[in-house]
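Please open the model in the viewer and follow the stops below in order.

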There are 2 protein chains.
Amino acid sequence: MFGSFSLSVSAFRLPFITPYHYGCTRNAPRESRRRNARLLHKSGSGHGMLSVAGPFSLTALLCGLLTLLPSATVCGANENGNAQYVDPFIGTEGGGNVFPGVCVPFGMVKLGPDCGNMEWNAGWAPDGNIHGFSHTHVSGTGGGCKYGNILMLPMTGVIDLSDYSSPRENEQASVGEYSVELTRYGTSARLTAVDRAALHEYTFPAATDSRILFDMGSCLALKMCETQKVIGSEVRILSPTELEGYTRVRGGWNEGEAYTVYFHAETDTPAESFGTWKDGKTEPGKESQFDSGQKTGAYMTFNTTEGQKIRVRVGISYISCGRARANMRQVDTWDLDKVKAEATAKWNRVLDKVELDGDKNDKVKFYTALYHCYLQPTDKTGENPKWTSAEPNYDDFYAIWDTFRATHPLFTILTPSRQAYMLRALIDIWRNDGYMPDARSGNDNGRVQGGSNCDILFADAIVKGVEGVDYEAGLQAMLKNAEVPPGGDERKEGRGGLDDYNTLGYVSAATERCLTRTLEYSNCDFTIATVANRLGKNDIADRYYRKASNWQNTWNDDIECLGHKGFAWPRERDGSFLAEDKYTVLTGGGWENPTYETFSFELSMYVPHDMKSLIARCGGQERFTQRLDTFFTHNNGDQRWLIGMYQIANEPGFLAPALYNYVNRQDKTARLVRYILANRYKATRDGIPGNDDSGSMSAWYVFHSLGFYPNAGQDVYLISSPVFRKATLHLENGRTLRITARNNSDRNIYVQSVRLNEKPLGNNWFRHSDIKDGGTLEFVMGPEPSGWSRNGVLPPSMSDTTK
Amino acid sequence: MFGSFSLSVSAFRLPFITPYHYGCTRNAPRESRRRNARLLHKSGSGHGMLSVAGPFSLTALLCGLLTLLPSATVCGANENGNAQYVDPFIGTEGGGNVFPGVCVPFGMVKLGPDCGNMEWNAGWAPDGNIHGFSHTHVSGTGGGCKYGNILMLPMTGVIDLSDYSSPRENEQASVGEYSVELTRYGTSARLTAVDRAALHEYTFPAATDSRILFDMGSCLALKMCETQKVIGSEVRILSPTELEGYTRVRGGWNEGEAYTVYFHAETDTPAESFGTWKDGKTEPGKESQFDSGQKTGAYMTFNTTEGQKIRVRVGISYISCGRARANMRQVDTWDLDKVKAEATAKWNRVLDKVELDGDKNDKVKFYTALYHCYLQPTDKTGENPKWTSAEPNYDDFYAIWDTFRATHPLFTILTPSRQAYMLRALIDIWRNDGYMPDARSGNDNGRVQGGSNCDILFADAIVKGVEGVDYEAGLQAMLKNAEVPPGGDERKEGRGGLDDYNTLGYVSAATERCLTRTLEYSNCDFTIATVANRLGKNDIADRYYRKASNWQNTWNDDIECLGHKGFAWPRERDGSFLAEDKYTVLTGGGWENPTYETFSFELSMYVPHDMKSLIARCGGQERFTQRLDTFFTHNNGDQRWLIGMYQIANEPGFLAPALYNYVNRQDKTARLVRYILANRYKATRDGIPGNDDSGSMSAWYVFHSLGFYPNAGQDVYLISSPVFRKATLHLENGRTLRITARNNSDRNIYVQSVRLNEKPLGNNWFRHSDIKDGGTLEFVMGPEPSGWSRNGVLPPSMSDTTK
């Protein structure tokens, strides 16, 4: 079978310790590379630019693309694409917590600096020293930190393990590149990354002790709570140019179980010497440190001339070092500019889906916002250490409670095939891990914020015709959320307080987040009914349409506030409402409050599936309009992001400005939205009004600046007011949606008339089916409210069709 | 700091590819080795022979013992110790499922053959081919298989990956060694193992293509359900003598999440050539296969002379390959006899704790049973991939539902320090994983059989004075079991049907295992009260003493069977009992039945904490005696392990024979027990009456053959009838318990009189405090019931002291 293959011991040759060579036999010849690249491009244009990373192409991904894709042949790259408008620093400060490092859309490698006290959610901090550059991050998140694994640093001299961090200068970031100078060492770094591999280019001074440090014991960690903790690590130098290892980390924001990030790295320059450490004890020349629960690391030492560049390519994996080594080959050149061009091209394939005609500043805001939306979740297909399946694997849903509102509906318009992959991943998680996540990171579910909002993604997808999803299985997973209490840790997954909800019809006052849960569960139940209805399961649909009115069970008609009567109010198990002096509709927010990231005055407007019933309960259209007016004007004090009581910074109010559409006062929606777009979002480092939350704030911007906003879970878009004179959307099915806004300006913010697909539109809303095959949406704008749509048909509500 | 350490690339020397050498600098000189060994021995005799592996000695374990302990200096080995009486094949057949391979007490490596259809719980099968020798197993289990990882095979010629298995001859096993000939290849194997490392000695014929195969894609797997599945693997040849890799496996009996077993192996002979495979495709000369979810493996090829021996030492780890390499050094000689002697010495330190005077056949049965008790759980301290702590880490509680009854009480007598470590491990699991397990394997909880029986271990330990346990934390963990529903998967952990139990006072008929759960929860609640009471938490104690009577809520006085009235009977949520024609007290058993591994007639005698109330409910002592008589005589048909309706093969009846003590008919206990010991346990391969269940059946044997049996969770031993003329127990505290049985014989099975610590004992029971500091227990035996203890004080019941 393999004959007399025999080598003397001395000739027993280990390719592992052979320095990296480009022409290795695993790589196909240039010609076939180009063919693969063209196929990729074709596939990309046919079914979404991102479909290459989908499950069907896993074999290709592993056997071909990861190792073969030449950065020189950038597929479909538009050198002058919209990536030029992206400023990765927008939203990094002022609580935006955006990740400014390098990555490709949904990329597994998110390479950037970890700074200051290592308590910054995206690693980067506006000031403070840089500890090094780590390969895993999230963007826009709050709470405890997650990731910040496999940290590297170019340095010189003695390694002070108690603090090797350096001040920085000349920090710059663009799509595909981050660079900085480290003044403590006189070194500098340029970084780029593709999906699962990174390329570091370090410049050193003249020194005999220039070093590259690899810290397997480093991770981001908010210390006061939800702390990440390194529970194990290992490192091994394999040759003068190769090393590998891992970090195993537990905890962090979602209080997840341990995950492990493996790496394999290769330098373009052989090290002169090396060393490793464990538990703070450095051992020069010691080639490995095994895992005994302590922190380990390694360094390679070089004799450098002034300005000498040393490059390191790094693959990471959640599976193994061997896998990380295979992933590393996604970078197959030492030319950083080529890899950067590849990454940029990948971004342009997303960003060029929308062409804009408008102000440059608005374009910077728009494309940067669109960029934020495609940073997460993380595509870890093929990188699942917990089970195997043919399905896609997405992680870092962080949290769906944030992203179901606008981010996922945006994916459904621009990249529905990718949205389908995500839904399939959610089903696969349910099948193998027990529940679909509300949030998931580090391969583990947690934490649930409010409802089981993954439900809404399925309703949103089925009513919008997203194909390739097993909705029957999805419905089973949704029903598990709705019917099986998660037990033990109710913040991990499923619906907390479910026994209350299913027996009493509301989550009782003794249970944390009782009002948020009751109202969100009602909405989620509506989405279950929606999917069941579409699947012809009428008994389930009827049952859940009934449950979708459960929000009414927590409604206290006796509560009065600022001239408005009737609010969601905590209710005891015995049916009595909490005494009036025990609660207030104007405060709330924490995990243990009745209302999560909101307060009852705001939450009491959150019945997105049945606004008609809510408005009736609030005293009719006029009274509800006044309630909205109060909400958006009262207490318009000096608090930074507030408009009246409204804080765009938290998701429970995402839909609120467009609620005027439900009382046919679209002019008020337009005024509010344009004000927020112009004044609350800026092309500055503090330009995002709150945690970007995996692109949630940014998706809000993207939608409204196009002139409409989704009511997630329904096939309805509410018209607001477009920012751009012209926006052209290149849909995945090859069709084009053209949005124009005649006479649009900073003052002409009011809609005068609308034509949809060349017919006059008298309503302030339209359906997904109106645009999914392309078409035209033509606005005429003016400086005053026009009366347009005042007498239109209202956007649909559940009670229009049920009962 | 580390100066001008500089090497040219060609001189960049990798110790990894240096063949193994004995005198490596990590090893201490012989003199200090001996001192370590003596300290170990001293520690062993002072605080339990096993304490060296406890948490306080972890540093020593890693830095010293694992790498330094010389097998030549066997610590406290008794060459003629009781290991000589152990026959590892007893209980392997007839459903006993005992593991006949090599391991040390609680050892992580359990090395043995995997046979036949790979569906045998312990790997070994009475017939069918041998596929190879794998390093992880469990003993005595039923249901789906677990483990069977890192499989090796000595072979020759072409590797047929579709079936490389071989028929066997001359299979032999003794403590510390397993050997067999593989006739397909003309090879043979001798195997031995210490805690985390194994030594294989393979003998080859004259051949140029003698090979050692390493299969990372193999595991045991029951195919019909609870299937184990390899979800990833990797292998890498490091040098002509070294390789490493891992297998990642999901599922199996406890339906656990994925676990990974890493290995590092080293041969004493350099390979001539090598190869690897993935997904069935062999690649000669390819040094590694990275993990892409498929099965991988490797082989090393040797040119052997007739009878040439090649030895392989293998370390395994649940953490990493580096850790496996460190663990491998527990074997530091190629002399298998030396390693075997070390393993045997470890066993003798357990087995020599009991000295016996009696028939050799009885000694074989006894010491083999004692051997079985110390196979599991598995001590994985320092090998936890999920979190780090200073606490011990035990896995393969498989299941506590089986072992709480006799195995753990046996640990408490013979090795209480080890029992304390196990309880600390359980607390650590609760703290980090959410719930204490009822069962746990592969680092994950599941499956719960009946109650939350880990509760009972804490009560058992606190009433018996086991030291070194944080009982306050233990109580918190117990209260979580009792008060927080586990949700989602109720077979995983905690108490299923808890909402019913806590609101209705019983688990209702709609819930699986409702009767088993209600009765077991009642008993568990008693143990919570016991611990709370000892800790002075009287409010908790009172509440749980009340709940301990909940078994009465499921009691149906109207049901009559075989002349007896009143049985546990399924009850609906509305309080009504299930209709009489819907259920029977004489059948049951499965996961979804009201009774698990039992039936109501038997289960209705399971109120171990309040026999007095149970007996009253059954009509008083005489009626209860008749009920027991019916149970042990009715339907004494041709079913193999039955005595009347009683099946010793399942744990719910473990206590039943001794229940005669609660009606002062100890003579009936004695007759039954001696019958079972003599006729249902044999020194044969099918000599255990059912799955040994991690030594549970064996612990039953050990206790009763010493003449008494524990009522777990209470400090009470019920006297039965001793088998041996004399038994001397060497306790961990240095004291000695001497048990004598004058006139004992196969016919003189009835107790005529008892003296406890030199005073006459008129009761058929005594307390742990009577023997924990040693003492004497002197029986006089005779051929007929004597009337001894007929008028004694009955063993205690809860209702004696509460209310």
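How many residues does the contact take from chain A and from chain B? The contact (heavy atoms within 4.5 Å) takes 66 residues from chain A and 67 residues from chain B. This is a predicted model, in which local features need pLDDT of at least 70 and side-chain atom pairs count only at pLDDT 80 or more, while totals for chains, interfaces and linings use all residues. Residues are numbered from 1 along each chain as its sequence is written, chains are lettered from A and ligands numbered from 1 in the order in which they are written, and side-chain values use heavy atoms, with hydrogens and water left out.

**First stop: the interface**

Select chain A and chain B together. Between chain A and chain B there are two salt bridges (a side-chain nitrogen of Lys or Arg within 4 Å of a carboxyl oxygen of Asp or Glu). To view a salt bridge, select Arg236(A) and Glu244(B), whose side chains meet at 2.9 Å, N to O.

Next, select the side of chain A that touches chain B. By class, this side has 34 nonpolar, 15 polar and 17 charged residues (Ala, Val, Leu, Ile, Met, Phe, Trp, Tyr, Cys and Pro count as nonpolar, Asp, Glu, Lys and Arg as charged, and the others, Gly among them, as polar).

Which residues lie closest to the centre of the largest cavity? Select Ala258(A), Pro385(A), Ala258(B), Thr260(B) and Pro385(B), which are the closest of the 22 residues that line this cavity (on a 1 Å grid over the protein atoms alone, a cavity is a set of points where a 1.4 Å probe fits but cannot get out, and lining residues have an atom within 4 Å of a point). By class, the lining of the largest cavity has ten nonpolar, six polar and six charged residues.

Technical notes: 1 Å grid on protein atoms, 1.4 Å probe; cavity = no way out; pocket = protein on both sides within 12 Å on 5 of 7 lines; lining within 4 Å.
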